[in-house]
Amino acid sequence: MSRTFLGMPGTVSMMGYTGKETFPENAAKAVRNSQLRFNLRKATGTIRGRRASVVGELPDWPDLRQAGKAIKDHTLRNLDTYLVRLEEAVTKAGGHVHWARDAAEANRIVTDLVKATGETQVVKVKSMATQEIGLNEALHAEGITAYETDLAELIVQLGDDWPSHILVPAIHRNRSEIRDIFVRHMSEWGRPAPERLTDDPAALAEAARLHLRERFLSTKVAISGANFMVAETGTLVVLESEGNGRMCLTLPETLISVVGIEKLVPTWRDLEVFLQLLPRSSTGERMNPYTSMWTGATEGQEFHLVLLDNGRTGVLADDLGRQALRCIRCSACLNVCPVYERSGGHAYGSVYPGPIGAILTPQLRGMGSELDRSLPYASSLCGACYEVCPVAIDIPSVLVELRGRSRHPVAERAGMAAAGWVFERPGRLARAQRMGGRMRRLVPKRLPGPLGGWTDTRDLPAIPRESFRDWWNRTDGGSR
Amino acid sequence: MSARDVILARVRAAVEGVPEVQIPRAYRGPAPASEGLVDLLAERVRHYKAAVHVVEEAGVAALVAASLAERGARRLVVPEGFPEPWLPSGGFERIGDEPRLSASDLDTVDGILTTCAVAVAETGTIVLDAGAGQGRRALTLLPDYHLCVVRRDQIVANVPDAVDRLDPARPLTWISGPSATSDIELNRVEGVHGPRTLEVVVVTSA
C-alpha cells in the first residue's frame, strides 16, 4: 500500500493515504466489506461493555472528568510557561531537549540522533506522534530500519497495511487474518513464525514474543512517544500492556522520545487524575498492565526528548477548536461511534480516525483537500463521543463549526444566498410564503436534479396553505 | 529565531487573551488506610490472572519455597536489599546483579524475587521504584516469572494515594498483572513480552 504526504498549506505535514477520495467514497467501499464490519462490530462491542463497567465502578468519574478537562485547559492556556519548565527539568535530570516546528524538522533531528550512534536499526514503542510525521519512512530513506514492537503495530507493519484505530491499529484484522500475516511475513523481518501456528490469540502473542525477543536484546536505540510529560519534574509517562514498551524504554543505550507539545501536565499530582481516566477509557481496564515513568537520563541511558509542534499551535489559536488538544488518545470516541463502527478507520485517510480524527485532522493539516473537507461530515452528530470523552471534548460542536468553515458547492451556496435574501426582510418572507402556499400542489415528492439525493431518504415537509402570520392576521389570533 | 523561540512565540500569540482556568478537584483524594485493603488488593490482582497469597511474616520463606518449587524455578535473581528472612534456606540458585547482569544473562534465569514501593488496592497494582529489594527495571522485565512480596503498610487505597507516596525522581514501573495484550479482537490475552507469570505475596503482620 503506497503512502504519501498529503499536500498541506504552510509547513504542517502529516501522513495520509494516497488518493483524493472523500470520506463518503471511502466509507461506501468499506461498508461493502462484510469481514471488516464483522471484525469492527465484535471488537468495538467488546470494548464498549468493558469501558462502561469499569467507569461505572468509580463514584467520582464525573469529578475526575471535570478535573482532567480543566488541567488540560489550564496547561494549554499556559503552555509556554510549562514547556520551558519541562525543558529545565529534563535538562537538569541529564536529558537533552530538542524542538521541532514541523514533521520534516522532527524527522531530521531523530535521523541525526540515530546516525550519531552509528546504528542502522531502531526499535519502536507505539506512538501516534511518530506515525503522524511519517518517521519510519523518513528513517528508511536514510538507511535506518525501524522495527515496530507493539503487537498491533507489528501486524500492520508485517502486512504492509495502514493503522485503522488509535489504540489498536490492527482492529480491522481478526485472529485468522493475523495468523496468515505472521506466517507469510515474519520471515521477511526476522525470526519466522513458529511452525503449525494456530489462530489462538495466546499462540499469536507467543509468536510475537519469540519474533521480537532477540531484537529487544540486541538493539541499541529506541524511539518512543509519551502519554504524559510532567512540567514540574520532567517526568515522562508511557502506558502500555505487553512489555514491549518497557523493553524499548529500558534496554537500549539511547532513548529518543518524540512527543506533541500538548501532552504536558503541570504537576506530578495531576497524574492521579489521568492514571484513572486513561486506562478505564481506552482498554476498559482498572489499570493497564505496565506504566513506565522516567525522569531524564535513567539508569545510565542517553535520553533525548523531541518536542513537536507540527500544526498544534495553529489549533491552539482557535477558540473553539483548541479543545481537541485536550485529547489523551484513549480512543473511547472511536469505539462508541456508529459511523466509525461501520466505516472503519481507513476511510478517514489519516492516522487520527474516528470522531476525534474528524476534528483533529482538518485542523492540523487544513481543509485544502476534498478528503479533509469531507471529514467534519463523517458523523451523525449523535453526541456519543462527547459523552464518553474523559476530557469532555465537545466533538459535535467542533464538527458543526468546521462544517461551516468548509467550502460548499456552488448550488448550495446559491441556495443559501437566496434563502438569506428572503429571510432578511419580513415582507420578502411573507411574499415567498404566500407564493409557496399557492404552488404547494405543484411541489413534487422527489426534488429534481442533485436535490433528489436529499429527498431519497427524507420526506419533504408539507407546505401549509397559509403561513402562521397570515392566519393570525386573518382570524385575529383565532378569535374570528 | 531558533525552533524553540518560534514555537514559544506561536504559543504566546495563540493563547493571548484566553482567560485563566481554575482546576476543580472534587474527586476522591488519598484515603485513610482501612481494614479491607488486603482483601481488595488480592481480589483485584487475581482479576488480572496473577496468583496472590496472604501470609503472616513467619510464613513467607516457606511460601516462597513452595511457589518456586511449583513453578520449577531454580535460578533466581535476588536484588540487593531483599529481606533475608523471606528467602528459603535452600533449593534454589541465588543470582545477584552485582556486577550488572547482561540482558542475555537475564533472559536465561528462571525468575526474579522483589519487594515493592507501593501497592494500589483499588486497581490491583504494584509499583516498583528501583529501591532496596527491587533492583533496576530490566530485572523484573526479562525473566518469565516475577514474585513480588508486598508488606501490608505498603498498600494504599487508590491512585491518588500512590502518586502522593511515590518519588518522581526515581524510575517507576506500575505493574497490574502479567504482561498482556488487547490487540487481538480487543480481548485481553495474558503473556507477551514481560513476565508471563506474576505472583504476589502479601505479608499481613509486617
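**Domains, sheet and chain contact in a predicted model**

Trainee: Into which domains is chain A divided?
Mentor: Chain A is divided into domain 1 (3–34 + 313–405), domain 2 (35–312) and domain 3 (410–475). Please bear in mind that this is a predicted model.

Trainee: How far apart are the C-alpha centres of domain 1 and domain 3 of chain A?
Mentor: Those two centres lie 34 Å apart. The C-alpha trace of chain A as a whole spans about 90 × 55 × 45 Å along its principal axes.

Trainee: How many helices and strands are there in chain A?
Mentor: Chain A has 23 helices and 12 strands. Of its 480 residues, 51% count as buried. Among contacts in chain A between residues at least 6 apart in sequence, 76% join residues at least 24 apart.

Trainee: What is the order of the strands in the open sheet of six?
Mentor: The order is S3-S12-S9-S6-S4-S5 in chain A, and the pairing is parallel. Strand S3 (96–100) and strand S5 (145–148) of chain A are the edge strands, each pairing on one side only. From one strand to the next, the twist averages 25°.

Trainee: Which strand does S9(A) join through seven bridges?
Mentor: S9(A) is joined by seven bridges to strand S12 (residues 302–308) of chain A, and the two run parallel. Within that pair, Leu255(A) has Phe303(A) as its bridge partner in S12(A). S9(A) also runs parallel to S6(A), with four bridges between them; here Leu255(A) in S9(A) is the bridge partner of Ala222(A).

Trainee: Is S9(A) mostly covered or mostly open?
Mentor: Strand S9 (residues 254–260) of chain A is mostly covered, with six of its seven residues buried.

Trainee: And how many bridges pair S4(A) with S6(A)?
Mentor: Two bridges pair strand S4 (residues 121–124) with strand S6 (residues 221–224) of chain A, in the parallel sense. Lys124(A) has Ile223(A) as its bridge partner in S6(A).

Trainee: Changing topic: how many residues has the largest nonpolar core?
Mentor: The largest nonpolar core has 189 residues. Those with the most contacts inside it are Val258(A), Leu308(A), Cys333(A), Val150(B), Val200(B) and Val201(B). Domain 1 and domain 2 of chain A each supply at least three residues to this core. As a general point, nonpolar side chains in soluble globular proteins tend to be buried together.

Trainee: What does Leu308(A) touch?
Mentor: Not counting residues up to four places away in sequence, Leu308(A) touches Ala100(A), Ala106(A), Ala129(A), Ile133(A), Val258(A), Val259(A), Gly260(A) and Ile261(A).

Trainee: How many residues does the contact take from chain A and from chain B?
Mentor: Chain A gives 75 residues and chain B gives 58 residues. On the side of chain A that touches chain B, the largest share, 10 residues, comes from helix H3 (residues 61–77) of chain A. The residues on that side divide into 39 nonpolar, 18 polar and 18 charged.

Trainee: Which strand of chain B is joined to S11(A)?
Mentor: Strand S11 (residues 290–295) of chain A is joined by four bridges to strand S9 (residues 172–175) of chain B, and they run antiparallel. Ser292(A) stands opposite Thr173(B) in S9(B).

Trainee: What does S11(A) pair with in chain A?
Mentor: S11(A) pairs with strand S8 (residues 235–240) of chain A in the antiparallel sense, over six bridges. Glu240(A) stands opposite Tyr290(A) in S11(A).

Trainee: Which way do the residues of S11(A) point?
Mentor: Tyr290(A), Ser292(A) and Trp294(A) point one way, Thr291(A), Met293(A) and Thr295(A) point the other way, and all are buried.

Trainee: Why does Arg209(A) count as buried?
Mentor: Arg209(A) counts as buried because it has 22 C-beta neighbours inside 10 Å, where the cut-off is 20 or more. Arg209(A) is found in helix H10 (residues 201–218) of chain A. Leaving aside its neighbours within four places in sequence, Arg209(A) is in contact with Val192(B) and His193(B).

Trainee: Last topic: why does H23(A) lie largely in the open?
Mentor: Helix H23 (residues 468–475) of chain A lies largely in the open because zero of its eight residues are buried. Asp476(A) follows H23(A), and its phi is positive, near 55°.

Terms used
Residues are numbered from 1 along each chain as its sequence is written. Chains are lettered from A and ligands numbered from 1 in the order in which they are written. This is a predicted model: local features need pLDDT of at least 70, side-chain atom pairs count only at pLDDT 80 or more; totals for chains, interfaces and linings use all residues. Two residues are in contact if their C-beta atoms, placed from the backbone, lie within 7 Å. Ala, Val, Leu, Ile, Met, Phe, Trp, Tyr, Cys and Pro count as nonpolar, Asp, Glu, Lys and Arg as charged, and the others, Gly among them, as polar. Two strands pair if DSSP finds at least two bridges between them. Axes are lines fitted to C-alpha atoms, for helices over the stretch in contact, and angles run from 0 to 180 degrees between N-to-C directions. A nonpolar core is a set of buried Ala, Val, Leu, Ile, Met, Phe, Trp, Tyr and Cys residues joined through C-beta atoms within 7 Å. A residue is buried if 20 or more other C-beta atoms lie within 10 Å of its own, exposed if 12 or fewer, and partly exposed in between; C-beta atoms are placed from the backbone. Domain bounds come from an automatic or database domain assignment.
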